[in-house]
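Biologist: I have a model open and want to learn how to read it. Can we take it feature by feature?

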Amino acid sequence: MIQNPTLIHRYNSADESKQLHSKKKNNGLNARVIFTVTALLLFLSFGAFGASLFGDQDAYAATESEPEQAVVIVDQGETLWSIATEHATKGTDVRDYVHELRKMNGLKNSNVKVGQKLLLP
């Protein structure tokens, strides 16, 4: 069999070129993946850091505020005792609840008027 050195050299050069081109392609892909992952990590890190520095304070204000005070408006025929019976938690003595109602609302006696607003303990 006769071997032509020029053809063999061309064949080997073409094969090496394909391998080199394939390696460059993989290196480019790896570089893009590494860049994307790094950029994503930086973005997430800055996002957490930025939120702690520049976070919206108003968003936290709503959760840290005092709960609204429960209020009842006296209807026709209601008394402190009936209101206390309706709103006292289970196991609470109604007499103690009436006392708290009077104290919270600055009542000197147990008389209430229709339409009067009472703060509930």
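Biologist: How many salt bridges does a search of the whole structure find?

Modeller: Keep in mind that this is a predicted model. Now the general idea. Side chains of opposite charge can pair when their charged atoms come close. Here, the search of the whole structure turns up two salt bridges.

Biologist: Which side chain meets R95 in a salt bridge?

Modeller: The side chain of D93 does, at 2.9 Å from N to O. The R95 and D93 side chains are also joined by a polar contact of 2.9 Å.

Biologist: Where is R95 found?

Modeller: In helix α4, which covers residues 94–105. R95 can also be placed by a distance through space. R95 and A84 are 11 residues apart in sequence, and their C-alpha atoms are 8.1 Å apart.

Biologist: Which side chains meet in the salt bridge of 3.9 Å?

Modeller: Those of E100 and K103, with the 3.9 Å taken from N to O. Both residues belong to helix α4.

Biologist: Why are E100 and K103 separated by about one helical turn?

Modeller: Because they are three residues apart in helix α4. E100 counts as partly exposed because its relative accessibility is 29%. K103 is at 56%, so K103 counts as exposed.

Biologist: Let me step back to the whole chain. How many helices and strands are there?

Modeller: Four helices and two strands. Read from the N terminus, the order is α-α-β-α-α-β.

Biologist: What percentage of the residues count as buried?

Modeller: Buried means under 20% relative accessible area. In this chain of 121 residues, 12% count as buried. Look at the outside too. The chain exposes about 10,500 Å², and carbon and sulfur atoms supply 59% of that area.

Biologist: Which residues have the most contacts inside the largest nonpolar core?

Modeller: L80, I83, L101 and L118, in a core of 14 residues. Two elements, α3 (80–87) and α4, each give two or more residues to this core. The most come from α4, with four residues.

Biologist: Take L101 as a case. Which residues does L101 touch?

Modeller: Leave out residues up to four places away in sequence. L101 then touches L80, I83, A84, L119, L120 and P121.

Biologist: What share of the contacts comes from residues 24 or more positions apart?

Modeller: Count the contacts in the chain with a separation of 6 or more. Residues 24 or more positions apart account for 51% of them.

Biologist: Where is T79 found?

Modeller: T79 is also in the loop between β1 and α3. Its relative accessibility is 39%, so T79 counts as partly exposed. T79 and K113 are 34 residues apart in sequence, and 8.8 Å separates their C-alpha atoms.

Biologist: One last feature, the surface. Which residues make the nonpolar surface patch of about 350 Å²?

Modeller: L29, V33, V37 and L41 make it. Take L41 as the case to inspect. L41 is found in helix α1, which covers residues 5–54.

Biologist: Why does L41 count as exposed?

Modeller: Because L41 is at 52% relative accessibility. The cut-off to clear is over 50%.

Key. Residues numbered from 1 in each chain as written. Predicted model: local features only at pLDDT ≥ 70, side-chain atom pairs only at ≥ 80, totals over all residues. Heavy atoms only, no water. Patch = residues over 30% accessible without salt bridge, like charges linked within 9 Å, V, L, I, M, F, W, Y side chains within 5 Å. Areas by Shrake-Rupley, 256 points an atom, 1.4 Å probe, with all protein chains shown as cover. Salt bridge = Lys/Arg side-chain N within 4 Å of Asp/Glu carboxyl O. Buried < 20%, exposed > 50% of the residue type's maximum accessible area, 1.4 Å probe, protein only. Contact = heavy atoms within 4.5 Å. Polar contact = N/O pair within 3.5 Å; in protein donor to acceptor, adjacent residues only side chain to side chain. Core = buried A, V, L, I, M, F, W, Y, C linked by side-chain atoms within 4.5 Å.
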